[in-house]
Amino acid sequence: MPFGPLPAAVPPSWYLTLSAILFALGVLGFLLRRNIITVFMSIELMLNAVNLSFVTFSYVLKRVDGHIFSFFVMVVAAAEAAVGLAIILTVFKNRQTLEIDEVSTLKN
Amino acid sequence: MDAILFMIFAAIAVICGINLVVQTHPISSALSLVGVMGALAALYLLLGGEFIAAAQLVVYAGAIMVLFVFVIMLLNAGAEKRPEIKPLGKYLGAPLLLVFLGMMAYWVERLMPPSSPVVFGAFQGGTAAEIGRSLFTVYLLPFEVTSVLILIAIIGAIVLARKEVD
Amino acid sequence: MNFYLLSLIKTAIVVGIFMHVLAYLQWIERKVIAHVQLRVGPRRVGPHGLLQPLADVIKLVTKEDILPSHVNKVFYFLAPFIAVTFALISISIIPFGPEITVGGVRTAMGLTDLNIGVLFILGVSGLGVYGVALAGWASNNKYALMGGLRSSAQMISYELPMALALAAPLLILNTLSLRHIVDGQQGFYWGFIPRWAIFQMPFPQIFSFILFLIAGFAETNRVPFDLPEAENELVAGFHVEYASMKFASFFMAEYANMVTVSCVATLLFLGGWHPIFPEKYGSGLIPVLIFGASALLCFFHGANPARPFDRITLPVFGVLFLGAAGLFLIPMVQPILLPLFWFAAKVGVILFVFIWVRATLPRFRYDQLMRFAWTFMFPVALVNLFITALLVALFP
């Protein structure tokens with residue numbers, strides 16, 4: 001990593017590092033938070049980080065296929081968000097809580 | 001100029017990401033996620049992905065996140081109580097994460113094949129015409145399968161979320 | 001000329017004109033609705049009420065800016081900011097005319113042009129939903145929350161038929177950039193029918209135009225779709241807890257959205273700045289005729305006035321209109337003014353339709369509104385897109 005004066009343009013590996021940071025933040029939110037909607041949003045953050053990786057590699061290899069994969073990831077994320085939020089609504093209707101620690105009647 | 005733009009939008013993305021994990025109320029987390037998506041859309045523009053940047057704003061920030069915001073407002077569950085983190089996690093968690101990220105950055109920098117820096121306008125193949133051509137010739141089967149997938153998701157969401165008719 | 005200096009000058013001109021248009025749009029609306037309802041409208045503040053917008057702005061700015069104690073302060077401040085930002089930002093990519101040469105500088109009329117212009121407009125109108133939803137949430141008030149949620153659900157439901165109605169002329173014009181879309185609509189069929197998108201073969205886009213206008217009414221929360229913000233239905237809906245400048249921001253956002261929808265409809269369906277019949281048959285004289293006729297009307301009514309002070313004000317307006325008519329005869333400014341005139345005329349006609357409908361129609365109930373979107377507009381938009389695609393594929 002260059003530690004001199006800031007270059008006029010940034011190498012693509014910096015974009016990949018940013019993608020790794022965002023992915024790590026998503027994993028952190030997924031493991032640490034107890035509200036089920038926030039857990040779901042951390043999953044969306046992970047998907048966004050992966051999209052950034054795809055588009056960066058599409059730039060490096062000068063092909064459009066990375067954009068296509070990113071497009072499909074967005075579509076699948078939309079479908080998953082719809083069904084996941086419907087499940088969350090049903091869970092809330094039945095248990096009146098949104099904390100994942102309290103939805104544990106099947107434990108032990 | 002490209003480096004300054006990258007720094008600004010990367011900083012916005014990371015700060016909004018940290019805000020997402022740290023905030024207690026889900027609405028603040030949702031709006032931070034919208035901020036992340038906006039910053040990422042600007043980064044896609046720098047990388048030459050103009051259609052993907054627009055799709056990110058229209059689909060992700062403008063539809064999916066609005067769905068999240070609706071559900072949070074409808075359920076109105078309130079802020080989360082802050083849990084007690086065990087001392088092992090509190091004192092080792094953040095430093096270990098930084099070490100892990102530093103190692104990832106080092107290996108990415110070392111293994112990456114040498115390539116030119118990211119300049120706005122160097123990649124012209126991300127236009128709507130190029131994506132359309134690729135989507136309807138090479139990737140036609142996944143395209144049709146995703147339309148069926150969306151149909152299944154719509155039916156599933158409607159069945160799960162409707163009121164029970166007694 | 002230096003690129004940054006030129007952009008700054010253009011931005012100042014466009015933003016200045018846009019702000020004045022927003023202020024006087026309210027005056028026009030009040031006058032038109034008043035005359036439809038057989039009354040006069042504002043006439044005390046300035047001649048014929050022309051200074052009424054100034055009085056309204058002064059009132060709104062000097063009113064006490066209340067901050068209720070029970071609101072969520074961050075979102076309470078953020079919501080009008082988001083609404084106004086995303087409403088005003090769409091003006092930056094709308095082209096007003098062709099390339100012109102002013103004092104040796106060659107520039108295109110319009111601030112900029114994106115390759116993905118249509119998608120940008122769709123994205124920005126989708127992001128404007130956050131302003132309304134957050135305003136309802138932050139007010140901590142059940143009426144505001146219901147109004148906010150209903151309004152944002154309505155805006156999202158009508159985004160879908162709007163996008164499908166926009167996609168149909170794009171199949172014929174084959175580009176997403178707004179300037180290239182207008183360039184694809186120039187020329188005339190058989191010498192006198194303009195090639196606007198609503199007349200273009202293989203499939204005249206009249207249904208798309210009507211669908212887009214109806215969806216535009218719903219997107220901007222205008223009558224007959226304005227239940228979420230009606231004063232007598234829901235105690236003014238999502239902006240009930242907002243005072244002075246923040247309330248003015250929501251108002252400004254609504255009018256800016258209206259102007260944006262009209263501009264996009266003009267660019268995509270009505271041919272932008274191209275005239276209605278060719279220049280060689282004299283379409284350059286139409287603005288002269290219109291302004292001249294208005295001047296004659298002012299002089300006639302100034303001679304037998306209904307009110308005593310009209311003896312002075314109406315002839316003054318007559319002279320101003322004569323000056324405007326003369327301006328269109330000068331050959332040096334004609335290439336700049338004529339495209340602007342046609343663009344402004346078409347946008348003005350659509351805005352007049354918006355105001356006319358507000359004066360005429362009652363409003364939909366909320367469930368009727370949503371049922372209309374999902375069971376009527378969405379299938380009709382799909383079928384329209386399908387037929388357009390079929391005809392474009394068969395007759396390229």
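Student: In what order do the elements of chain A run from the N terminus on?
Tutor: This is a predicted model: local features need pLDDT of at least 70, side-chain atom pairs count only at pLDDT 80 or more, and totals for chains, interfaces and linings use all residues. Residues are numbered from 1 along each chain as its sequence is written, while chains are lettered from A and ligands numbered from 1 in the order in which they are written. Chain A has three helices and zero strands (DSSP runs numbered from the N terminus: helices are H or I, at least four residues; strands are E, at least two). From the N terminus on, the order is α-α-α.

Student: What percentage of the residues of chain A count as buried?
Tutor: Burial is counted from C-beta atoms placed from the backbone: buried means 20 or more others within 10 Å, exposed means 12 or fewer, and partly exposed lies in between. Chain A has 108 residues. The buried part is 45%.

Student: Which pair of chains has the most contacts?
Tutor: A contact needs C-beta atoms, placed from the backbone, within 7 Å. Two pairs of chains touch. No contact joins chain A and chain C, and their closest C-alpha atoms lie 15 Å apart. The most contacts are between chains A and B.

Student: Which element gives the most to the side of chain B that touches chain A?
Tutor: Here 65 residues of chain B are in contact with 59 residues of chain A. Elements giving two or more residues to this side of chain B include α1 (2-22), α2 (26-46) and α3 (50-75). With twelve residues, the most comes from α3(B).

Student: How many charged residues are on the side of chain B that touches chain A?
Tutor: Ala, Val, Leu, Ile, Met, Phe, Trp, Tyr, Cys and Pro count as nonpolar, Asp, Glu, Lys and Arg as charged, and the others, Gly among them, as polar. This side of chain B has 51 nonpolar and ten polar residues. Its charged residues number four.

Student: Which helix supplies the largest share of the side of chain C that touches chain B?
Tutor: In this interface, 15 residues of chain C are in contact with 15 residues of chain B. At least two residues each come from α4 (117-127), α5 (129-138) and α6 (142-173) of chain C. By class, this side of chain C has eleven nonpolar, four polar and no charged residues. The largest share, six residues, is from α4(C).

Student: How far apart are the C-alpha centres of the two domains of chain B?
Tutor: Chain B is divided into domain 1 (2-124) and domain 2 (127-166), with bounds from an automatic or database domain assignment. Their C-alpha centres lie apart by 25 Å.

Student: Does L38(C) count as buried or exposed?
Tutor: L38(C) lies in the loop between α1 (3-36) and α2 (52-62) of chain C. Phi there is positive, about 60°, although L38(C) is not a glycine. Most residues other than glycine have a negative phi. Because L38(C) has 6 C-beta neighbours inside 10 Å, it counts as exposed.
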